[in-house]
Amino acid sequence: RKIGGESLRNRDVVNEDRLSALPDDLLLRILSPLRTEDVIYTSFLSKRWRYLWKMVPNLKFDSYSFSEHVYKSLALHKAPFLKSLHLKVKHERDASDVGIWIGVAFARKVRQLVLSVFFMKDSFVRFPSVLCSWNDTLVFLKLKHSILLNFPSRVCLMSLRKLHLHYVMFNDEESVCPRLEDLIIRGSYVDVKTFTIDVPSLQRLIMEEDNLVERDGGRYVIKAPSLKYLKMSGFVGREVLLIENSPELVEAEIIDIYNIANENILVFLTSAIWFCLHLSPLEIKYPTGSIFCQLVSLELCTGKIEWWNLLARMLDSSPKLQILKLIPVSHFIRQLICFHNGKWIQPKCVPECLVLHLETFVWKRYKWRQEDEKELATYILQNSRCLKKAIFSTNNPEKVEKLGKRREMLNELTCVVRASSNPSDHHLSFYYAVLAIANLSF
């Protein structure tokens, strides 16, 4: 039978609730990324959805005032365990309830806990330390902003694998996290004389301080024999910054570290394969006689005092280097120093990496009108026998006529490669190098 030209069967197909027909497991996966407040609203859709929200393993609260919602959700939560709890507290009247919520979450064997506290005034939420005296379920813990960690006794988080601390205050004397693999400490204030990270299982470590604030004294000791990735940034005026030997280190980023009593930090990182350095040789001591025999890729900042001297040392100490990238200062405060306070001095001996291994050379914001930078670029191109790709990028031209001058610069660099090449020795290496230089980006 048809009504208005449309069969009843077709109308039934159109009105069919296919979403509600999905199995519970799939529906819970669909609901899990949503805010808990939005998930609760789905209970009004139909009888099929009335109680489904109570089984969602992830709870996420993001509001200015939500105490009632949090209490209700935790009390009615029926999932076998609490997979994750995300709390973003934006009002001080909710601060007194945070400890209770976290206690309930620990009782529900929470796996992931993310707590963000944003207060306008200089006040803090104290993290309930008694809950951390022993726990074997928490896998990921992330704390952000106005949070105080004050642990009077030993902390023991047996299953914790990831710990991220962003702009919090803590005076932790001793923590036991035997399975910790990922540690981030960003902009946090550590109120201890000696802060030691002694975690044999640690594989990834990021430590960033506010480099605009110089702090007197303080000792940092890192013992992580399984470390594979390290990033340290903004450490100024520290008494000790000690990194013990990490034989498995693959990647390292060292940015804006100076006025350290033991400035010989690079000696502990000689096993790195990929290196990013935003340093001046005047701010840190270079290890005498040390060789970065595993280093394949080097990224060096061109906005530091006498950076070219650090480049010369790194080239001489990295016999297997294949990729060299020169990049400008990326911070909002730029150091416009470059070559103005010195001059590039050509080494007496050509580094081994240029002759035998360097394949890629990238120079961002290359100042083609400065003679010193032209000399350095010419030196690298002349002596890189295995070069396959060279990329020079400059600032966007202000006037169209500058394009012609830049093209002249391009032709000069191309001639440098041609003059230094021997077709019988280089074959395709020279061919690819010329192609790459001929396609420089402006």
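This report covers aromatic rings and cysteines in a predicted model.

## Ground rules

In this predicted model, local features need pLDDT of at least 70, side-chain atom pairs count only at pLDDT 80 or more, and totals for chains, interfaces and linings use all residues. Residues are numbered from 1 along each chain as its sequence is written, and side-chain values use heavy atoms, without hydrogens and water.

## Aromatic pairs

The structure holds nine aromatic pairs. Rings of Phe, Tyr and Trp (its six-membered ring) pair if their centres lie within 6.5 Å; planes under 30 degrees apart count as stacked, over 60 as edge-to-face and the rest as tilted.

Take Tyr366 and Phe392. Their ring centres are 5.0 Å apart and their planes stand at 70°, so this pair is edge-to-face. The pair links distant parts of the chain, 26 residues apart. Tyr366 sits in the loop between strand 24 (360–364) and helix 8 (371–383), while Phe392 is in strand 25 (residues 389–393). Helices (H or I, at least four residues) and strands (E, at least two) are DSSP runs, numbered from the N terminus.

Both Tyr366 and Phe392 are buried (under 20% relative accessible area; exposed is over 50%, partly exposed in between; 1.4 Å probe, protein chains only). They also belong to one aromatic cluster with Trp307, Trp308, Phe361 and Trp363.

## Cysteines

A search of the whole structure finds zero disulfides (pairs of cysteine sulfur atoms within 2.5 Å). For Cys177, the closest cysteine sulfur is in Cys156, 7.8 Å away, too far for a bond. Cys177 counts as buried, at 12% relative accessibility.

For Cys301, the closest cysteine sulfur is in Cys276, 8.2 Å away, again too far for a bond. Cys301 has 1% relative accessibility, so Cys301 counts as buried.
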